[in-house]
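This report looks at helix packing, strand pairing and the nonpolar core of one protein. The sequence and structure come first.

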Amino acid sequence: MDFQYSYQKSSEEFTPNNNKQPRKKKINYRKMIIIMVALALLIFGTVYVSVDLMTTWKKHGLNTDMPIHESAQNQPHIDVSPTPTPKADENQAAPLKVVYLTFDDGPSKYTNEILDILKQHGAKATFFMIGSHLNRHKDEVKRIVEEGSYPGLHSMSHDVNKLYKSGGSSHFIEEFKREQELMKDIVGFAPDLIRAPYGSYPHVDEEFRGDIAEAGFRMWDWTVDSLDWNLPGKPDTIAEQVSHSIHRDLEVILLHEREQTVEALPKILDILHDCGYEFKAYDSNEHVIANFSGDSRL
Ligand SMILES: [Zn+2]
């Protein structure tokens, strides 16, 4: 637009001058005007080509935002570093809030990633592992213990029919005894904390719970269900679910070894930290009761 307007203006000035001025001056003016028009063409031509190129880049997605976008994407990688703040909270007089993160159904291909993220945040957790997975992931199981997390038991089969519908508690207890032996061979001690697959309600009744206690086990359910297993591809929703559910001074959060859980974990850890929670792994010397029935035997 600017280009056309300026060009026409130059032509209009040229025409009247051409008719009125004497020959000598006319030649000088003509030369000057020709040079000016040529210069104007050169300048506006350059501007036009630049604008046109930028329009083309934007149309084809090659916009100038690209390098900025890349650096924005790289930023989180720089920012992710061990959080130095939790120790400041420990010195405060506010009542201690404790959260036990629990990861079910491993060990798996996600165990190392989960441990990496926990380490970056200075957090520990409790892993309720399936006995039939243990031998395939011995290194991960050892790493869980080496890094201060707890190797909990979650049955050999995870099969609802075998565990609960075979009549009584005997098959259930037998599976956990077998898993305990396997775990002892890998980590060097026999963990006694179990989690009943699918939770203790409704299959594990009072008598059943008595049998579990008599066999020397403790049993944990949870206080917060993240619903992570049912939210593939929605890590933000998992984090929100946790964020909306926490309100007690002691929370036991149910998570699973799933891809979406790995993706949600940094955010979950940040939320819990910001709410003043201290991350703990289960410790049999500081046992807390966390079963749905509030059964003090477990
Ligand atoms: Zn499970």
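Helices α5 and α11 are roughly parallel to each other, a label given to angles under 35 degrees, while angles over 145 count as roughly antiparallel, 65 to 115 as roughly perpendicular and the rest as oblique. The axes of α5 (residues 111–120) and α11 come within 10 Å and cross at roughly 5°. Axes here are lines fitted to C-alpha atoms, for helices over the stretch in contact, and angles run from 0 to 180 degrees between N-to-C directions. On α5 the contact is made by Glu113, Ile114 and Ile117, and on α11 by Val262, Leu265 and Pro266. Two residues are in contact if their C-beta atoms, placed from the backbone, lie within 7 Å.

This is a predicted model, in which local features need pLDDT of at least 70 and side-chain atom pairs count only at pLDDT 80 or more, whereas totals for chains, interfaces and linings use all residues. Residues are numbered from 1 along each chain as its sequence is written.

The protein has eleven helices and eight strands. Both kinds of element are DSSP runs numbered from the N terminus: helices are H or I with at least four residues, strands are E with at least two.

A residue is buried if 20 or more other C-beta atoms lie within 10 Å of its own, exposed if 12 or fewer, and partly exposed in between, with C-beta atoms placed from the backbone. Strand β3 (residues 150–153) is likewise covered on both faces, with Tyr150 and Gly152 buried on one side and Pro151 and Leu153 on the other. Across the protein, buried residues make up 29% of the 298 residues.

The largest nonpolar core has 49 residues, and those with the most contacts inside it are Leu101, Ala125, Phe127, Ile253 and Ile268. Such a core is a set of buried Ala, Val, Leu, Ile, Met, Phe, Trp, Tyr and Cys residues joined through C-beta atoms within 7 Å. Helix α11 (residues 259–274) gives the largest share of this core, six residues. Leaving aside residues up to four places away in sequence, Ala125 touches Leu101, Thr102, Phe103, Leu118, Ser149 and Ala281.
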